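Please open the structure in the viewer and keep the selection tool at hand.

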Amino acid sequence: MEEDQIKIDIQKEKTRLPPDQIESNPRFKSDFDKANIFSKLFFFYGFTLAFKAFCRRKKKKEFEEEDLLTIPWNTRPDVMSDHFTYHMQQRKKKKPFSKLNLSLGILKTIKWPLIYITVVETLCAFVRVFSAWVTKRLVESYLAEDDGDAYKWAGVLTACLVVGFFMDHHWDYTSLLYSTLVQNALVDTVYGKLLKLSTHSI
């Protein structure tokens, strides 16, 4: 009876938690979700983890699970696996006699990150082309011995290089991140299907 009461108390305590603190809830807010745009741009939300790692290393202590960064709810392997399975099932209903297209299911699962990567890479290409034009104007100003224009174009070129650096960095980060997330989602899908199989079917 005491154990049952303890379980009930624990369950009540869990229900009192705000939705953004329950990881199994779609309204859960991760460390990335809580970060402001400035923190996301410069990846400052990860500095706390790096500082903890430095302190733990000095004290020769290991990380606990609660010390790690939480990931957004929509990029969890189980959630992405559900999205992937849903898209595959929808395609099977619409075209029951066609072969299942694994690549199309993956693309639909990560369509928004793909759009984000496409937009960022397009802007990055534009910045590169614009930087080449600015470099041309800078050289012309230098040859014409126009110090005012030379300083102006040098400042514009510096700004372009900084913007291009951040765009390249975010493109690399996003492309590498989602390739790993897709692998995790597919592993979760296969593992979930295997658990549903009986020993007789195996």
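Begin by selecting E140 and K136, which form a salt bridge whose closest N and O atoms are 2.7 Å apart; a salt bridge here is a side-chain nitrogen of Lys or Arg within 4 Å of a carboxyl oxygen of Asp or Glu. Because E140 and K136 are four residues apart in helix α7, about one helical turn separates them. Helices (H or I, at least four residues) and strands (E, at least two) are DSSP runs, numbered from the N terminus. E140 counts as partly exposed at 37% relative accessibility, and K136 is likewise partly exposed at 47%. Buried means under 20% relative accessible area, exposed over 50%, and partly exposed in between (1.4 Å probe, protein chains only).

The model is predicted: local features need pLDDT of at least 70 and side-chain atom pairs count only at pLDDT 80 or more, while totals for chains, interfaces and linings use all residues. Residues are numbered from 1 along each chain as its sequence is written, and side-chain values use heavy atoms, with hydrogens and water left out.

Next, select R128, E121 and D168, which are linked in a network of salt bridges. R128 meets E121 at 3.9 Å, N to O, and meets D168 at 2.8 Å, N to O. R128 lies in helix α7 and D168 in helix α8, so this pair ties together parts that are 40 residues apart in sequence. R128 is partly exposed at 44% relative accessibility, as are E121 at 27% and D168 at 25%. In the whole structure, the search finds six salt bridges.

Now show the entire chain as a cartoon. The protein has eight helices and zero strands, and 21% of its 202 residues count as buried.

For the open space, select F32, P72, T75, L177 and Y178. Of the 33 residues that line the largest pocket, these are the closest to its centre. The volume of this pocket is about 970 Å³. On a 1 Å grid over the protein atoms alone, a pocket is an open set of points with protein on both sides within 12 Å along at least five of seven lines, whereas a cavity is a set of points where a 1.4 Å probe fits but cannot get out; lining residues have an atom within 4 Å of a point. Grid points are joined across faces, edges and corners, and a volume is the space filled by probe spheres set on the points. Helix α8 gives the most to the pocket lining, with eight residues. By class, that lining has 20 nonpolar, eight polar and five charged residues. Ala, Val, Leu, Ile, Met, Phe, Trp, Tyr, Cys and Pro count as nonpolar, Asp, Glu, Lys and Arg as charged, and the others, Gly among them, as polar.

Which residues line the largest cavity? Select M80, F84, I106, T109, I110, V182, A185, L186 and T189 to display them. Elements giving two or more residues to this lining are α5 (77-94), α6 (102-109) and α8 (147-196), with the largest share, four residues, coming from α8. The lining has seven nonpolar, two polar and no charged residues. About 50 Å³ of space lies in this cavity.

I37 counts as exposed, at 69% relative accessibility.
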